[in-house]
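Please look over the sequence and the structure first.

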Amino acid sequence: MSASTTAMTSSTSAYTTPAFWERLWRTAGIQSVGLFIIGYVIYGYQPRIGASTDALAAFYDGDRTHILIAAVFFGLSILNLLWFAAALRTTLADAGQDGWGAAATASSTAVGVLFLLLITVDAALAYSIGGSGNNTLRSGLNDFVWAGFVLTSFPRAMLIMAAAFGLWRARLISNALFAAGVAAVVLVLLGGTMWLSGGFWAPDGAYSRFVSPIIGIVWVLVVSRVLLTRSPATRAAW
């Protein structure tokens with residue numbers, strides 16, 4: 001009995017150490033990407049800017065359940081993104097780059113707030129506003145979501161920049177990977193200029209829907225790999 005109790009205590013204590021929790025949160029970026037992709041698939045195709053009344057009704061009324069389920073996955077994705085930024089910040093702080101770590105914290109907070117706002121609007125449209133019969137309001141909020149996503153380009157670019165410059169200054173990534181990070185910053189920043197009335201460079205165009213999100217996803221996965229190759233520091237803060 002005594003040996004069994006000792007073994008159980010030892011096994012339990014392994015999951016309460018700071019190193020375990022720090023390594024767990026270093027995988028949060030991967031979890032965030034996975035949850036985002038699941039939510040994106042469930043969510044479906046949002047009507048374009050200026051969509052017809054029938055298209056809006058079919059999406060926000062007909063796909064109501066899908067939208068609300070996707071909102072849960074998007075919310076969990078944001079939660080894990082914030083933990084990812086926290087792990088990035090501690091890694092940069094350990095390497096003497098706490099300024100870039102603070103930038104990662106600030107930018108991830110802005111990204112989280114903006115995305116939660118957009119998810120809230122979508123959930124509200126699906127839950128009650130969409131069925132209210134107020135087509136003007138429904139159309140306006142649908143357009144607001146597209147425009148809001150364009151503006152998330154700026155804090156998203158700042159988060160990529162904080163990781164790229166911070167990890168490079170800390171000598172944790174190569175010059176080639178740093179150059180890729182700078183390119184990602186520029187490409188995501190360009191997403192903030194998508195104000196054409198239609199086509200590839202519109203708020204609801206292919207760049208906004210596919211290119212810009214894919215760049216962010218790939219960079220989060222790259223940084224997650226870098227974080228996971230680092231030995232977790234012994235820290236009482238976790």
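## Helices α7 and α8

Helices α7 and α8 run roughly parallel to each other. The model is a predicted one, and in it the axes of α7 (residues 135-151) and α8 lie 4 Å apart and meet at an angle of about 30°. That angle falls under the 35 degrees below which two helices count as roughly parallel, so the description of α7 and α8 follows from it.

The contact is made by F149, V150 and L151 on the α7 side and by S153, F154, P155 and R156 on the α8 side. Sorted by class, the contact of α7 with α8 has five nonpolar residues, one polar and one charged. Two of the residues named here also form a charge-over-ring arrangement: the charged end of R156 sits over the ring of F149, at 4.8 Å from the ring centre.

## The chain as a whole

The chain contains ten helices and zero strands. Read from the N terminus, its elements follow the order α-α-α-α-α-α-α-α-α-α.

Of the 238 residues in the chain, 41% are buried. Among contacts with a separation of 6 or more, 75% are between residues 24 or more positions apart.

## Helices α5 and α6

Two packed helices are described by the angle between their axes and the distance between the axes. For α5 (residues 64-94) and α6 (residues 98-127), the axes come within 9 Å and cross at roughly 175°. Angles over 145 degrees count as roughly antiparallel, and α5 and α6 are therefore roughly antiparallel to each other.

The contact of α5 with α6 has 21 nonpolar, six polar and four charged residues.

## Aromatic residues

The structure holds 13 aromatic pairs. One of them joins W25 and W83, whose rings are stacked, with 4.2 Å from centre to centre and 10° between the planes. W25 belongs to helix α2 (residues 18-26) and W83 to helix α5, so this pair ties together parts that are 58 residues apart in sequence.

How accessible are W25 and W83? W25 has a relative accessibility of 17% and counts as buried, because the limit for buried is under 20%. W83 has a relative accessible area of 32% and is partly exposed.

There is also an aromatic cluster formed by F36, Y40, Y43, F59, Y60 and F74.

## Two single residues

S32 is found in helix α3, which covers residues 28-43. Its relative accessibility is 6%, so S32 counts as buried. With neighbours within four places in sequence left aside, S32 is in contact with S77, N80 and L81.

R171 is found in a loop, the one between α8 (153-169) and α9 (175-190). Is R171 buried or exposed? It is exposed, with a relative accessible area of 76%, because values over 50% count as exposed. The backbone of R171 has a phi near 60°, which is a positive value in a residue other than glycine.

Key: Residues numbered from 1 in each chain as written. Predicted model: local features only at pLDDT ≥ 70, side-chain atom pairs only at ≥ 80, totals over all residues. Heavy atoms only, no water. Buried < 20%, exposed > 50% of the residue type's maximum accessible area, 1.4 Å probe, protein only. Contact = heavy atoms within 4.5 Å. Axes fitted to C-alpha atoms, helices over the stretch in contact; angles between N-to-C directions. Parallel < 35°, antiparallel > 145°, perpendicular 65-115°, else oblique. Nonpolar A, V, L, I, M, F, W, Y, C, P; charged D, E, K, R; others polar. Phe/Tyr/Trp six-rings, centres within 6.5 Å; stacked < 30°, edge-to-face > 60°. Lys NZ or Arg CZ within 6 Å of the ring centre and 35° of its normal.
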